[in-house]
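This report is meant for a reader who is meeting the structure for the first time. Please look over the sequence and the model before going through the sections that follow.

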Amino acid sequence: MSIPLLDLKAQYLTIKEEIDQAVLNVLDSSVFILGPEMKALEKEIAAYCGTQEAVAVANGTDALVLTLKAFGIGPGDEVITTPFTFFASAETIAQVGATPVFVDIDPVTLNMDLTQLEKKITSRTKAIIPVHIFGQMLDVERVMEIAARHDLKVIEDAAQAIGAEYRGKRAGSIGHAATFSFFPTKNLGAYGDAGMIVTNDKDLASQLRMLRFHGCKTKYYHEEIGYNSRLDEMQAAILRVKLRYLDVWNEERREKAKLYDELLADTGIQIPGRDPQALPIYHLYVLRTEERSALMERLKSGGVANAIYYPVPLHLQKAFRDLGYKVGDFPVTEKACEQALAIPCYPELSLEQQHEIASIIKG
């Protein structure tokens, strides 16, 4: 068997007619930027997340940058986040001139350890970016309580978590703002780059719409220094089709994860930990083992794709060497980076393939 980590072609074939028609409709309209598909997607994403506003942008990284800018965060400020995440979560903080400050992770969920959060707040702290890693939400309401005591903004990095819930509330609906990536491999993925910001703050949404379009409310009349980050109509049309299937796909991922949990229960390999208050969407199904290299080799020999998430924690990245962190500063994160391995887990994965993967893992 040859099993990819994710099979985007298989997904496309299940909705091919709808996707093809959506793309043809955009081509026929000849409206490609800031058009009706993007505006309709914004309304649909806001309704899906349970927010008042959604602002479409070119990608998830821009979503974070523009939100930080809209909150006035810049040089001299600090923003707290996790070192166990994709680089953009902290890179964007540096891009606006602020300093990333890291908090170690919970050993079960791999999300930010909220028991350590408040100790990292200083007079320079302006915001917190909690990340819902691998599609499992953390307790954002608790983060908001901490933030309120210190007058901080909370930006949910929900890049991997659209549709995930915590105590019945969806990712993106609790923080002052939240950002999503629709990179092709995400649970809701475009066929190129795409991103979204959601919020209940109408004034913030208005400012974000200016920032994404060179600081304009009216074309050629620039109220501030802005940016060029607009979601094109083709990607918006594709995402509107796929959004209709998202809840079904997420439920199918949960079913695949449940089967893995059962098949791998007695292997000695650590399956993904779960907060009982959370409803995850399993953007990735990530195992942890001391014998990762051997497991990777077995999977490779058996034709099963796998990937390390993440090989180097953010505090030890060369790009952040000036922050002065060293090995041992965040031990839970560092151990996770040594052990974590993602295996295939997506709606189109067959039961036969799952049993084959489990058999290979068991050796």
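Two residues count as being in contact here when they have heavy atoms within 4.5 Å. The model described below is a predicted one.

## Phe102 and its surroundings

Phe102 is part of strand β3, which covers residues 99-102, and its relative accessibility of 0% places this residue in the buried class, because buried means under 20%. Leaving aside residues up to four places away in sequence, Phe102 touches Thr81, Thr82, Pro83, Ala90, Lys120, Leu314, His315, Phe320, Leu323, Tyr325 and Phe330.

## Strand β2 and its partners

Strand β2 (residues 78-81) is joined to β3 by four bridges, and the two strands run parallel; within this pairing, Thr81 stands opposite Phe102. A further parallel pairing, over three bridges, links β2 to strand β4, which holds residues 125-128, and here Glu78 stands opposite Thr125. Together with helix α5 (residues 88-95), the strands β2 and β3 make up a β-α-β unit that is right-handed.

In a regular strand the side chains alternate between the two faces of the sheet. In β2, Glu78 and Ile80 point one way while Val79 and Thr81 point the other way, and all of them are buried.

## A three-stranded open sheet

Elsewhere, three strands form an open sheet with antiparallel pairing, arranged in the order β7-β6-β12. Because β7 (169-170) and β12 (278-279) each have a single partner strand, they stand at the edges, and one side of each is left without a neighbour in the sheet. Strand β6, made of residues 165-166, pairs with β12 over two bridges in the antiparallel sense, and Tyr166 has Ala278 of β12 as its bridge partner.

The model contains 18 salt bridges. In one of them Glu37 and Arg240 meet with their closest N and O atoms 3.0 Å apart; since Glu37 lies in helix α3 (residues 36-49) and Arg240 in helix α8 (residues 233-243), the pair ties together parts that are 203 residues apart in sequence. Glu37 is buried, with a relative accessible area of 18%, whereas Arg240, at 24% relative accessibility, is partly exposed.

Another salt bridge joins the side chains of Lys202 and Glu53, with an N to O distance of 3.1 Å. Lys202 belongs to helix α7 (residues 202-211) and Glu53 to strand β1 (residues 53-57), so this pair ties together parts that are 149 residues apart in sequence. Glu53 is buried, at 13% relative accessibility, and both residues also take part in a network of salt bridges that links Glu42, Glu53, Lys202, Arg209 and Arg212.

A salt bridge is also formed by Glu118 and Arg149, whose closest N and O atoms are 2.9 Å apart. Because Glu118 lies in the loop between β3 and β4 and Arg149 in helix α6 (residues 140-150), parts that are 31 residues apart in sequence are tied together. Glu118 is partly exposed, with a relative accessible area of 32%, while Arg149 is exposed, with a value of 53%.

## A nonpolar patch on the surface

On the surface, Leu24, Leu27, Phe32 and Ile33 form a nonpolar patch whose accessible area together is about 360 Å². Among them, Leu24 has its place in helix α2 (residues 16-29) and counts as partly exposed, with 48% relative accessibility.

Terms used. Residues are numbered from 1 along each chain as its sequence is written. This is a predicted model: local features need pLDDT of at least 70, side-chain atom pairs count only at pLDDT 80 or more; totals for chains, interfaces and linings use all residues. Side-chain values use heavy atoms; hydrogens and water are left out. Two strands pair if DSSP finds at least two bridges between them. Buried means under 20% relative accessible area, exposed over 50%, partly exposed in between (1.4 Å probe, protein chains only). A crossover is right-handed if, with the strands pointing away from the viewer, the path from the first strand over the helix to the second runs clockwise. Patches are made of residues with over 30% relative accessible area and no salt bridge: like charges are joined within 9 Å, nonpolar side chains (Val, Leu, Ile, Met, Phe, Trp, Tyr) within 5 Å. Accessible areas come from the Shrake-Rupley method with a 1.4 Å probe; for residues, only the protein chains shown count as cover. A salt bridge is a side-chain nitrogen of Lys or Arg within 4 Å of a carboxyl oxygen of Asp or Glu.
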